[in-house]
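Take a look at the chain first.

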Amino acid sequence: MRWWSETTQKVFDLIKANPHISRKQLCDELNINPSAVQKNIKKLKDQNAIKRQGGSKGGHWKIIRTEIKR
């Protein structure tokens with residue numbers, strides 16, 4: 001069971017589908033501003049759902065957990 005907003009869930013799903021997706025690509029794909037993408041990524045990181053591996057240019061996202069419970 002997930003307790004994320006619809007946008008956070010979409011960010012997670014896009015990262016899961018393409019671990020090399022950039023924040024810019026997330027903005028374009030979801031048609032939201034960079035601060036909204038950053039806020040949703042922070043939620044996912046704070047809940048240990050995702051983690052960034054490597055640098056901003058050659059890195060990728062790693063899925064840690066797919067289920068978040070309250």
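Predicted model: local features only at pLDDT ≥ 70, side-chain atom pairs only at ≥ 80, totals over all residues.

Residues are numbered from 1 along each chain as its sequence is written, and side-chain values use heavy atoms, with hydrogens and water left out.

**Overall fold**
- The chain has 3 helices and 2 strands (DSSP runs: helices are H or I, at least four residues; strands are E, at least two; numbered from the N terminus).
- Their order along the sequence is α-α-α-β-β.
- The C-alpha trace spans about 35 × 25 × 20 Å along its principal axes.
- Of the 70 residues, 27% are buried (under 20% relative accessible area with a 1.4 Å probe, protein chains only; exposed is over 50%, partly exposed in between).

**Helices H1 and H2**
- Lys10, Val11, Leu14 and Ile15 in H1 meet Leu26, Glu29 and Leu30 in H2 (contact means heavy atoms within 4.5 Å).
- By class, this contact has 5 nonpolar, no polar and 2 charged residues (Ala, Val, Leu, Ile, Met, Phe, Trp, Tyr, Cys and Pro count as nonpolar, Asp, Glu, Lys and Arg as charged, the others, Gly among them, as polar).

**Ile41**
- Ile41 sits in helix H3, residues 34-46.
- Ile41 is buried, at a relative accessible area of 0%.
- Beyond its neighbours within four places in sequence, Ile41 contacts Val11, Arg23, Leu26, Ile50 and Trp61.
- Val11 is 30 residues from Ile41 in sequence, yet their C-alpha atoms are 7.4 Å apart.
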